[in-house]
Amino acid sequence: MNRTQKLLVWCAATDSTFKLKKIRGQQVLAGKCIHCNRALAIALADGAAQAATVEHILPKNHGGRDTLENLAPACSRCNSGKGVRLDARRFSDPKLQEVITRLQERRTKRRREPPEGLILPPFPGEPDGDPIRQT
C-alpha cells in the first residue's frame, strides 16, 4: 500500500461518516466527502483503485502537514476544485481562511477513533520516520 493510500485509509478510519462495508465482495470504508457529502468508498485492499483523495485542509504550500487533524477524505472533484480556486492564494486571503476554518470544524465534528477490529497500516511519518499521528 503506498503512502497516499495509507493516509486515505487513516482519514476514513477516523471519520465518523465512514462505516465498514462489503461492496462487490471487497471490504471498504464507505462514507462522505468532507466538502460535498458525496458517497465515497475507500478500499482496504492493497493496490485497489480509489476514487477518493486526501484533502489537506491547510494546504501544503501554506505549511499544512500530513497529520490526521489536517487530512480528510474528499472526492477528486472537490479536492481539485479547492486546489485550483484557493490553495495558491495568499494565506491571509479571507476566502481561503473561511474554507480552512469550515473544513477544520467539519473534521473536528467527524473525528472518531478507528472502528474496533479494523486493522490499519502503520501511519506514514515524516521522511525522518517519526510518526506524526496527533490526537
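Let's start on helix 3, with Lys-95 and Glu-98. Their side chains meet in a salt bridge, 3.6 Å from N to O. Both residues lie in helix 3, three residues apart, which is about one turn of the helix. One word of caution before I go on: this is a predicted model.

How accessible are these two? Lys-95 has a relative accessibility of 37%, so it counts as partly exposed. Glu-98 has 41%, so it also counts as partly exposed.

Now stay with Glu-98. Glu-98 and Arg-102 are four residues apart in helix 3, so about one helical turn separates them. Arg-102 is partly exposed too, at 31% relative accessibility.

Some background in one line. Side chains of opposite charge can pair when their charged atoms come close.

Next, the end of that helix. Which residue does Arg-110 pair with in a salt bridge? The partner is Asp-15, and the closest N and O atoms are 2.9 Å apart. Look at where the two sit. Arg-110 is in helix 3, residues 94-110. Asp-15 is in the loop between helix 1, residues 3-13, and strand 1, residues 19-23. So this pair ties together parts that are 95 residues apart in sequence. Is Arg-110 buried or exposed? Arg-110 is buried, and Asp-15 is buried as well.

How many salt bridges are there in the whole structure? The search finds nine. There is also a network of salt bridges, which links Glu-55, Lys-82 and Asp-87.

Let's step back to the overall layout. The chain has three helices and five strands. From the N terminus, the order of elements is α-β-β-β-β-β-α-α.

Three strands form an open sheet, in the order 1-2-3, and the pairing is antiparallel. The edges are strand 1 and strand 3, residues 39-43; each of them pairs on one side only. From one strand to the next, the twist averages 40 degrees. As a reminder, strands of a sheet pair through backbone hydrogen bonds, either parallel or antiparallel.

Take one pairing in detail. Strand 2 covers residues 26-32, and it pairs with strand 3 over five bridges, in the antiparallel sense. If you want a landmark there, Ala-30 stands opposite Ala-41 in strand 3.

What lies across strand 2 and strand 3? Helix 1 does, and it runs at about 125 degrees to strand 3.

On to the cysteines. How many disulfides does the model have? The count is zero. The cut-off is 2.5 Å between the sulfur atoms. Cys-75 is buried, at 3% relative accessibility. Cys-11 is buried too, with a relative accessible area of 0%.

Where is it? Phe-91 sits in the loop between helix 2, residues 76-87, and helix 3. Its relative accessible area is 42%, so Phe-91 is partly exposed. What does it touch, leaving aside neighbours within four places in sequence? Phe-91 is in contact with Leu-58, His-62, Leu-96, Gln-97 and Ile-100.

Last, some figures for the whole chain. It has 135 residues, and buried residues make up 44% of them. Take the contacts between residues at least 6 apart in sequence: 61% of those join residues at least 24 apart. The chain exposes about 7,400 Å², and carbon and sulfur atoms supply 51% of that area.

Note on methods: Residues are numbered from 1 along each chain as its sequence is written. This is a predicted model: local features need pLDDT of at least 70, side-chain atom pairs count only at pLDDT 80 or more; totals for chains, interfaces and linings use all residues. Side-chain values use heavy atoms; hydrogens and water are left out. A salt bridge is a side-chain nitrogen of Lys or Arg within 4 Å of a carboxyl oxygen of Asp or Glu. Helices (H or I, at least four residues) and strands (E, at least two) are DSSP runs, numbered from the N terminus. Buried means under 20% relative accessible area, exposed over 50%, partly exposed in between (1.4 Å probe, protein chains only). Two strands pair if DSSP finds at least two bridges between them. Axes are lines fitted to C-alpha atoms, for helices over the stretch in contact, and angles run from 0 to 180 degrees between N-to-C directions. Contact means heavy atoms within 4.5 Å. Accessible areas come from the Shrake-Rupley method with a 1.4 Å probe; for residues, only the protein chains shown count as cover.
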